[in-house]
Every structure is written in C-alpha cells, then in structure tokens.
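Here is a brief report on one protein model. It covers salt bridges, helix packing and backbone angles.

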Amino acid sequence: MNPLTIFASRFVAGERPQDAVRVGERLQAKGIKATFDKLGEDVLDQHAAQRATTASCELLRLVPAGVERNISIKMSSMGQQISRELCLENVSKILDVARETGGFVRLDMEGSKLTESTITIFQELRQRHDNVGIVLQAYLHRTPDDVKEALRRKDRVRLCKGAYKEPASLAWQDMDQIRERFRHYTRLLLDGGRPAAIATHDESLVKDALAYVAERQLEASRYEFQMLYGLRPRRWDELVAAGHRMRIYVPYGTHWFPYFYRRLRERKENIFFVLRGLFE
Ligand code: FDA
C-alpha cells in the first residue's frame, strides 16, 4: 500500500491535483471553500522550480467553474532560494494565470530565513497584481510592523500562529503570549479594510474573533476562518451553518512528509489520529 494512504491521508488529499479538486468539490457542496496547495518546499534546482511553477498554473486551470480558483504556494519551491529574479518571474507567471482564470494566490509564510524576502517579493508583486495575498505569523517579534504595513497597503492577510521552530530572539515561545498577539492582530485586521483570513483551530481564538465580529457587527464578507484539511471538520460545518465563511487548506502531492511532520509535531492528538487510521 502507498505510504501516503497509510500515514497521511487524514491531512493530505492525495498525490494528484485531481484528488485535491475532488475534495474541493465535496467541500463546495457543503458551502465550504478551499485553497489548494501542491506540497513541496526548499527547491534548489532551477528545473524543479520551473516544474513547480507549471504545476501551480495547471492547477489553476484544472479547478472547475463553481469551485473557487484559490491556491496557496510556497515561494521556496518557486526558486526563492536560487534567485529573487527567478522567483519573481515564476510567481508572476502564476499570478498571470490566476488573473486569466479569475483566481487568487496566497503566498504561504515559511521559516524566518525567508520572511523578509517573502514580504519584499510580495510587495513587488502587489504593485501589479491584486489577486495575491500574504501570510503573517503571530509568533514573530517583527509582526507588529508587518501588520501595520499590510494595513497601510490594504493587503489581504492570512493570520496564523506560525508553524516553524524559531529561536526566542525572533519569536515568542510561550503559547499564551502567542495567543495574545494573535487576538490583537485579528482585531486590527478585522478593523482594516480588506477581508481577513483567521487561520487557526484554536477554539479560544475562534471564539474571540466571533465575539469581536458580533460586537462590531461586521458583515461575513469581511473575514473568513481557515483550517487545515483533516482538522476539526465538525467545526467547519458549524461555522458555515452559523453564517460565517470557512476555507479549508487542501494539500496534495507526493512531497507530503515535511507538511505531515509539522502537523504531528504541533499536536500529539494528530499522532493518535494517524495511529488509529493504521489499525482501522
Ligand atoms: P494549535 O495546534 O496551537 O492548538 C491549540 C488549541 O486548538 C488546542 O489546544 C485545542 O484547543 C484546539 N485544537 C487544535 N486542533 C484541534 C483539533 N484537531 N480538534 C480539536 N481542537 C483542536 N503556518 C505558517 O507558518 N505559515 C503558513 O503559511 C501557514 N498557513 C496556514 C494555513 C491555514 C489555513 C492554517 C489553519 C494554518 C496555517 N499555518 C501556517 C499553521 C499555523 O501557523 C499553526 O502552526 C497551526 O495552525 C497550529 O496552530 P493552531 O492555532 O491551529 O492551534
């Protein structure tokens, strides 16, 4: 049996783009949106970066009408660590196809050695494209400035806690402090002009955002909740039934191990899900 089927199928839609699109269609039927991600990161070979770029363009074209053409990409797989020019060229191609197909591209945020470069490439792309958004990580010490700048530029931001292991000199380590930062940035983004994407499974943060939305009487079009495929599916349905927008991050592809490993490291319950899957 394919190892993906055994270990990771709870968190990864499959190995082929068609597998991800099928999940997207199933979600769409329940009123839930998707963002598709072809797994892969840290590409150091120009041809591989080219292949990753082509795959993202093909994915945008593959998503059928009726399902939003919304993808998430990691710029480290588009040549970011080879050269800035190559990465800009590759991501621009993807954004051109997104424009052609009415799609949207979210630039995932990776480890801290890529933060500055991701933000500056994003800002350059933003001068020519409105169909691109960024991710900011609540745990980084630099994020207050990044949130402020994103609000000033009216960027579309996904806020998450941050998934990479970072040193104390760069990132908050204590979960309560990270939550406090997350709450604060959520409010700033909700007050800002562009739709805010609140990406967390943490119920205390979801509840806090819901309370703020109710207090400020914000329309549902001003924000969306985002969660990862396989995590808290019952909560997706509840949020949609209550009139909120919900988007699921749907990863697929053969390079699933680093993504899968981060999910296991984040939360020990995820290991039990995998083990249970093994014996069911
Ligand atoms: P966390 O794992 O910290 O859990 C906190 C609490 O949430 C738990 O104690 C529990 O109460 C509740 N909870 C969590 N999982 C649950 C479950 N399965 N069932 C019930 N309760 C549960 N990171 C990054 O660095 N760059 C990026 O670009 C992205 N992109 C991204 C997109 C999307 C859509 C999401 C949801 C997340 C990301 N992330 C990310 C990952 C993010 O930074 C973070 O690592 C994970 O979301 C884990 O943090 P949480 O806030 O979700 O809860």
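Is Arg142 buried, partly exposed or exposed? Arg142 is partly exposed, with a relative accessible area of 28%. Buried means under 20% relative accessible area, exposed means over 50%, and partly exposed lies in between (1.4 Å probe, protein chains only).

## Basis of the model

This is a predicted model, in which local features need pLDDT of at least 70, side-chain atom pairs count only at pLDDT 80 or more, and totals for chains, interfaces and linings use all residues. Residues are numbered from 1 along each chain as its sequence is written, and side-chain values use heavy atoms, leaving out hydrogens and water.

## Salt bridges

The structure holds 29 salt bridges. The term covers a side-chain nitrogen of Lys or Arg within 4 Å of a carboxyl oxygen of Asp or Glu. Arg142 takes part in one of them, with Asp146, at 2.6 Å from N to O. Asp146 counts as buried, at 13% relative accessibility.

Arg84 and Glu124 form another, at 2.5 Å from N to O. This pair links distant parts of the chain: Arg84 sits in helix H4 and Glu124 in helix H5 (residues 115-126), 40 residues apart. Helices (H or I, at least four residues) and strands (E, at least two) are DSSP runs, numbered from the N terminus. Arg84 is partly exposed at 32% relative accessibility. Glu124 is partly exposed too, at 28%.

Within helix H4, Glu89 and Lys93 lie four residues apart, about one turn of the helix. Their salt bridge has its closest N and O atoms 3.9 Å apart. Glu89 is partly exposed at 44%, and Lys93 is partly exposed at 34%. Elsewhere, a network of salt bridges links Glu203, Lys207, Arg232, Arg235 and Glu238.

## Packing of H3 and H4

Two packed helices are described by the angle between their axes and the distance between the axes. The axes of H3 (residues 46-62) and H4 (residues 84-101) come within 9 Å and cross at roughly 10°. Axes are lines fitted to C-alpha atoms, for helices over the stretch in contact, with angles from 0 to 180 degrees between N-to-C directions. H3 and H4 are therefore roughly parallel, a label for angles under 35 degrees.

The contact (heavy atoms within 4.5 Å) involves residues including Ala49, Thr53 and Leu60 of H3 and Leu86, Ile94 and Val97 of H4. Its residues divide into seven nonpolar, six polar and three charged. Ala, Val, Leu, Ile, Met, Phe, Trp, Tyr, Cys and Pro count as nonpolar, Asp, Glu, Lys and Arg as charged, and the others, Gly among them, as polar.

## The two sides of H9

Helix H9 (residues 233-241) has Arg235, Trp236 and Leu239 as its buried residues. Seen down the axis of H9, they fall within an arc of 110°, so they line one face of the helix. The arc is that of the directions from the helix axis to the C-beta atoms. These buried residues pack against helix H2 (17-29), helix H8 (203-216), strand S7 (223-228) and strand S8 (246-252). On the other side of H9, Arg234 and Ala241 are exposed.

## Positive phi

Most residues other than glycine have a negative phi. Lys154 has a positive phi near 60°. Lys154 lies in the loop between helix H6 (143-153) and strand S5 (157-160) and is partly exposed at 47%.

Gln217 has a positive phi near 50°. Gln217 lies in the loop between H8 and S7 and is exposed at 70%. Gly243, which follows H9, has a positive phi near 95°.

Key. Parallel < 35°, antiparallel > 145°, perpendicular 65-115°, else oblique.
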